[in-house]
Amino acid sequence: MVRRRASLLAIIGIMVFLIGVALLNSNSAGDFGITMLSGLFQGMLLFLVASGLSIVFGLMDVLNLAQGSYFMLGAYVAYDVQHAGGVVDLISVIPDPNLRFVVAVVAAVAVGSLLGYVLERGLLRSLYSRPIFQLVLTFGVSLVALELIKVIWTTTPYSWTELFGVRESFFELFGQRFSTYRLFVVGMGIALIVAIALLLQRTRIGIIIRAGVEDREMVQALGINVRAVFTLVFTLGCGVAALGGSIAAPFLGASTTLGNVFLLQAIAVVVLGGMGSYAGTAVGSLLVGIAITVAQDTAIGTAFTALPSITPMLLLVLVLLIRPSGLFGNSR
Amino acid sequence: MSSILEVQDIHTFIGQFHILEGVTVSVPQGGITVLLGRNGAGKTTTLRSIMGLRPPSSGSILFDGKPIHGKTTYAIAQLGIGYVPEHRAIFRELTVRENLQLAERKRGDLARKTEFIFDLFPDLQRLIDLPGGNLSGGQQQMLAMARALVPDNRLLLIDEPSEGLAPVIIDQLIVAIQRLAGTVSVLLVEQNFRVARKLAQDYVIIEEGHSPMRGTMHDLVSDPALIQRYLGVA
Amino acid sequence: MADILLEARGLRKTFGGLVAVDDVSLTIERGTMHSIIGPNGAGKTTLFNLLTGRYRPTSGKVFYKGNDITSLPVHRRAHLGIGRSFQITNIFANLSVLENARLAAQALGKDNFRILRRADSFDAYTARAYEVLELTGLRDAASLPANVLPHGGKRKLELAMILASSPDLLLLDEPTAGMASEQVPDLITIIDRIRDLGKKTIVMVEHNMSVVMNISTRITVMHQGRVLAEGDPAQITANKTVQSVYLGELYDLPKGEDA
Amino acid sequence: MAIPQASFISRLLRDKWFIFLLIALVAFPFVVGLLTDSSPFGVARGDRMIMRGESVRWQAVLIEVYILAILAMSYNLLFGFTGVISFGHALFFGTAGYVLGLMLEYTPLDTTLAFGLGAVAAIAVCALLGLVIGLVTLRLKGVYFTIFTLAVAEMFFIFLGRWQLTRAEDGFAITDLPMWIDPSQNRISVYYIALAAAFLTFFFIRRLVNSPTGAVLKAIRENEDRAQSMGYNTINYKLLSIVVAGMLAGVAGLLQVVLNKKVGPEILGIAYTVDPLLMTIIGGIGTFIGPVIGASGLHLLDVFLRDATVRIGGLVIDIASIWALLLGVIFILVVIVFPLGIIGTWQRWRMKRPKRE
């Protein structure tokens, strides 16, 4: 309980600090509002990569270093489906850009899940007795994924040009224009946080996952095929990451650096939240997301563009110094 | 009487260690058989081999006359075998209810068995929404037993149920297991001879990976020399 | 008063809701061969881990040669002369038998950071390593990788490794665990030899009663986290409570009581 | 004990094949020169040298092999002998390069002095970085450590890729290198320096691993808890391993910057972590020669295949364009089917055969 309190204090401390800096940097309430909303947006995108990473690690003890690649893949697939001249060309089939966007997101999730399934079944499964090599393997997979993407889509970054409904609409907050799409992404993120929490707390699969984190052998001995649950969870984790990539694409476009950037930030989130802790991952995503945005808006951040990118690592180092197993981690 | 479980001459390795060097055990339909023997003799490994957690490298295990060696653990469990391991293996972060829900093999198993389980272990009713980790040793043992009773298991493998428990609690457990007799068969590992004697009709002595002696509990009890030889203090 | 080497005062250790060791006080006199026995789950291994420093007690203290060592980390205790063995064979599997022993011999020396000389050119350590291998009958196996030793050999290597650092106090966790019965007398001889040779104090957790009764000078019986009885082997063998803990009501049987 | 220093030379001489290899590599520029009728010193044009001809071209290839071998050996010290997985090895490699580059290009010192100071400073900075990372991560176990190193390395990569002083992602060329170590003037001396560095690294690591300290490192790899209970403060040894590995990676980084005469964020990139990891795994984790074989094999393959094309039906595949992909696939295959690497598998195979006396 004392430890819980220390974590809570750390979280509050970091939040107060970030909000303080953001307030100092804002000229108006609108400025501040935008910073916070951007932070939420960034945090939700991170959560989509980090949640899979965290749950898979908790259940299977596998740190999937290819998770960022699935995010990147999601972005590419969504871009490809939405725009003309890609691998699949749907413009003539589905002329409505809104509908095409929905199809793009669905396609991204499908491809991500499928490849997640293939990775778990085809490669990871043979390495459960050699944990070090799992880490090394997923690392190798991330390299191959990157190269494959370069072969399919070249190394030139794409920026999103096809517009659709929400993407074009804006609303005003304290006199500042604000993209509705960001709000949509934030909403998606919150919906997923809740959905996954419900899945974990309320469903049989959730109970199995939480039990599996503690003692896989006993779960098996109760007659449950844990391997199948591993596959399912891994597949879902990759699918969610691809979903993240696809809904981020209208903002970030698609580029070969996306994977690494999001993987590293997500790893920072998972570790600082406490590995395997779902609540830690959710809180960590928010903290890191807001920290990145606040860093972007400070004077140093504007002058020196590396600062926002480094922020997650700085935050990670800081948290690990206070709590070596992360905010919500159990120090077993 | 026919046997529900027939373990024939199994050999099991852990790494390169030959832990079981030919163990033969049988459990009669509806009966309770106890594995006796010193620590490290291979009793727990025998249970784990049956469960598929430490698959034997040779020998055969028949459940209901059908071979189960080589099957995966979950498939073995699904045939109707419940495992109550040493140290209970309660899921500490899950509530008592969730621990029980996890053991369901068909939807509705728990609902159907709730009354029976609470009747057997009244304590659990009051603890139902507490995390398993908050339970005392005895309560955890009750929960571990209850968990094995949620589905319609026909055989229970129970490893050292009395370990680390106060005598009063042990008595409660004995009563509970005795009440199960007839409906399910039990293969028990028990170091506490008092408990073993009260529960089991048959015994198998496990010594250094072998099973040199077997017979009825009644014969064993009347042969102090035998007890002395395999289980004695000095 | 006798010369007390190790003392535990009011040790208590809980894991979650489980009380593993409950208010245990224990004194180990110098030069004794002190066994801790008890049925499974009695708290022996936990007590042992409290004495070696692997666990911190929830409350209570441990004194070694009169100094409070309750909060000293494992490697600091080793430097004070406390050596321990493990229940599960715990050697460096891919290193040679000699290298295992030499690592133990050099551990408390001052040459651990001499990075530019070959380890085998430190004759004192090598000699010490061979000495303990000789003592445990492993000399001929010196150049083999440790993981090819048979189980009994590994248990002996464990002993050799503890000995190599010349500790005053040896804490042995089930030295015969998993050994075939024909190898046990061999190990007893070695333990006996160790004690005679160096006037060592040995504390041992052991299940094999013939080992315990044969070589112990003092025995502590634990049950449900507490000390149930203490005495020399004869006293313990004769103790009715101890018997009932181990064998239930077996010894009441001739009187005709039944369940 | 007044022995054994003589043993170093005698032991060295016992490794006959090593002596042959050394002689072969020393003679290499001249042999290639003779065979291809090119000068190992390049072609003189006025008072400058032009690096043209097969001999100097192959010198550059081998220099790169030596650099990668040093990097892989240093990685293996951590991964193979201490059992610590770092994903941030590029940090040391790149930082050393940057320190030297900054010293040469941004200080008004005399070139030779700047080079000397730069090299010393670079290695010192690597040692310091190793120390700091080690100290911060002391309490982190396993995967936490790995991730931490990855995060720190990436932080440096991003930082130097955006820092205007170091010309951000373009990096900067080194124009002011002392004549005697300038690969575009005097490549053969760079060749011999790199060769010497590689051999010294090999012997140093072998010595270290065979020393009492090395025994403790291996003990930590096998079973850290046990090493602690024997009285070793294992943290100190891991720290030593990290620092030494970092410094050696720094040496490799210095050589790389000298060879390419350019400093840019790519030397901090993930490739310089992946390559040594891959080379170590392919060659054999925890063996002395494994990383060297992995490094030579992969780099030479890269050089030979760079210009090759493969025809499958009507499809022409240019190997260079898919080299990284190929590497990744090899990586995965090795991890799954060949985890002991070349040397490890060979040793295992030899051990299984009956010994002849």
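Okay, quick definition before anything else: buried means under 20% relative accessible area, exposed means over 50%, and partly exposed is in between, with a 1.4 Å probe and protein chains only. Keep that one handy.

Now, what we have is a predicted model, where local features need pLDDT of at least 70 and side-chain atom pairs count only at pLDDT 80 or more, while totals for chains, interfaces and linings use all residues. Residues are numbered from 1 along each chain as its sequence is written, chains are lettered from A and ligands numbered from 1 in the order in which they are written, and side-chain values use heavy atoms, with hydrogens and water left out.

Let's do the chains. Contact here is heavy atoms within 4.5 Å. Chains A and C have no contact joining them, and their closest C-alpha atoms lie 12 Å apart. Chains B and D have none either, with the closest C-alpha atoms 16 Å apart.

So what does the interface of C and D look like? On the D side 31 residues are in contact with 36 residues of chain C. Buried area is the accessible area, again with a 1.4 Å probe, that two parts lose on being put together, summed over both. For C and D that comes to about 3,000 Å², with 60% of it on carbon and sulfur atoms. In chain D, the residues that lose the most area to chain C are D:Pro212, D:Arg226 and D:Met230, together 22% of what that side buries.

How many salt bridges does the rule find across it? Three, between chain D and chain C, where a salt bridge is a side-chain nitrogen of Lys or Arg within 4 Å of a carboxyl oxygen of Asp or Glu. C:Arg54 forms a salt bridge with D:Asp225, and the closest N and O atoms there are 3.2 Å apart.

Which helices of chain D supply at least two residues each to the side that touches chain C? Those are α7 (187-210), α8 (212-222), α9 (224-229) and α10 (234-260). Helices are DSSP runs of H or I, at least four residues, strands are runs of E, at least two, and both are numbered from the N terminus. The most comes from α8(D), with eight residues. By type, that side of chain D divides into 14 nonpolar, 10 polar and seven charged residues. Nonpolar is Ala, Val, Leu, Ile, Met, Phe, Trp, Tyr, Cys and Pro, charged is Asp, Glu, Lys and Arg, and the others, Gly among them, are polar.

Most residues other than glycine have a negative phi. C:Lys65 is not a glycine, yet has a positive phi of about 50°. C:Lys65 sits in the loop between β4 (59-64) and β5 (67-68) of chain C, and at 37% relative accessibility C:Lys65 counts as partly exposed. A:Thr154 also has a positive phi, about 60°. That one is in the loop between α5 (131-153) and α6 (165-168) of chain A, and A:Thr154 is partly exposed at 40%.

Last topic, aromatics. Rings of Phe, Tyr and Trp (its six-membered ring) pair if their centres lie within 6.5 Å; planes under 30 degrees apart are stacked, over 60 edge-to-face, and the rest tilted. Over all chains, the count is 26 aromatic pairs. A:Tyr181 and A:Phe184 have ring centres 5.4 Å apart and planes at 40°, so that pair is tilted. Both lie in helix α7 (residues 180-202) of chain A, three residues apart, about one turn of the helix. A:Tyr181 is buried at 0%, whereas A:Phe184 is partly exposed at 32%.

Over in chain D, D:Tyr106 and D:Phe172 are edge-to-face, 5.4 Å centre to centre with 85° between the planes. D:Tyr106 is in helix α4 (residues 89-106) and D:Phe172 in strand β3 (residues 172-173), so the pair ties together parts that are 66 residues apart in sequence. D:Phe172 is buried at 2%, and D:Tyr106 is partly exposed at 33%.
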